[in-house]
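Subject: A structure for you to explore

Hi there,

Here is the structure I promised to pass on to you.

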Amino acid sequence: MTPQKQSRSSALFLTELTLAILFFAAASAVCVQIFVKSHLLSLHSRQLNLAVNESAAIAELIEASDSMEEAVALITARYPLAEIAATSTDTVEKSRRFLWRRGVCRNSKWGDNAASPGRTPDFL
């Protein structure tokens, strides 16, 4: 082989090797992005799950209360750092309506007709 042909084949080999390295670098960058995205989704899912659990706990405290004052007392006892912004009777009734419509509070404690299917409770 002459030196001219050898340098051409070396240049072709180096070009092919460079392209292969670039391809694998791009593929590895995509894989890293996929792993980072899955990690971020996992963190978001964990935070959302904790928020749902805490909301359910507060909903149960509201359901267990008979009055607004008792609901506020139960919530502040369970969550000492909680700030209750609205403490009107109207707010508690709106919360109860919301929970009843979502199916969270479906017991007879919410009124005599609350347990009957197809009927709304007295406070609606």
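Let me begin with the contacts in the protein chain: among those with a separation of 6 or more, 37% are between residues 24 or more positions apart. Please keep in mind that this is a predicted model.

Now for the overall layout. The protein chain has three helices and zero strands, and its elements run α-α-α from the N terminus on. Of the 124 residues in the protein chain, 18% are buried.

Next, the inside. Which residues form the largest nonpolar core? There are five of them: Ala 57, Leu 61, Ile 62, Ile 75 and Tyr 79. Helix H1 gives the most to this core, with three residues. As background, nonpolar side chains in soluble globular proteins tend to be buried together. Take a closer look at Tyr 79: setting aside neighbours within four places in sequence, Tyr 79 is in contact with Glu 54, Ala 57, Ile 58 and Leu 61.

The side chain of Ser 65 reaches the backbone oxygen of Ile 62 at 2.7 Å. You will find Ser 65 in the loop between helix H1 (3–64) and helix H2 (68–78). Is Ser 65 buried or exposed? Ser 65 counts as buried because its relative accessibility is 1%, and the cut-off for buried is under 20%.

Finally, the outside. A nonpolar patch on the surface is formed by Phe 13, Leu 14, Leu 17 and Ile 21, which together have about 410 Å² of accessible area. Leu 17, for instance, lies in helix H1. Its relative accessibility is 38%, so Leu 17 counts as partly exposed, a class that sits between under 20% and over 50%.

Enjoy exploring!

Best wishes

Notes. Residues numbered from 1 in each chain as written. Predicted model: local features only at pLDDT ≥ 70, side-chain atom pairs only at ≥ 80, totals over all residues. Heavy atoms only, no water. Helix = DSSP H or I, 4+ residues; strand = E, 2+ residues; numbered from the N terminus. Buried < 20%, exposed > 50% of the residue type's maximum accessible area, 1.4 Å probe, protein only. Polar contact = N/O pair within 3.5 Å; in protein donor to acceptor, adjacent residues only side chain to side chain. Patch = residues over 30% accessible without salt bridge, like charges linked within 9 Å, V, L, I, M, F, W, Y side chains within 5 Å. Areas by Shrake-Rupley, 256 points an atom, 1.4 Å probe, with all protein chains shown as cover. Salt bridge = Lys/Arg side-chain N within 4 Å of Asp/Glu carboxyl O. Contact = heavy atoms within 4.5 Å. Core = buried A, V, L, I, M, F, W, Y, C linked by side-chain atoms within 4.5 Å.
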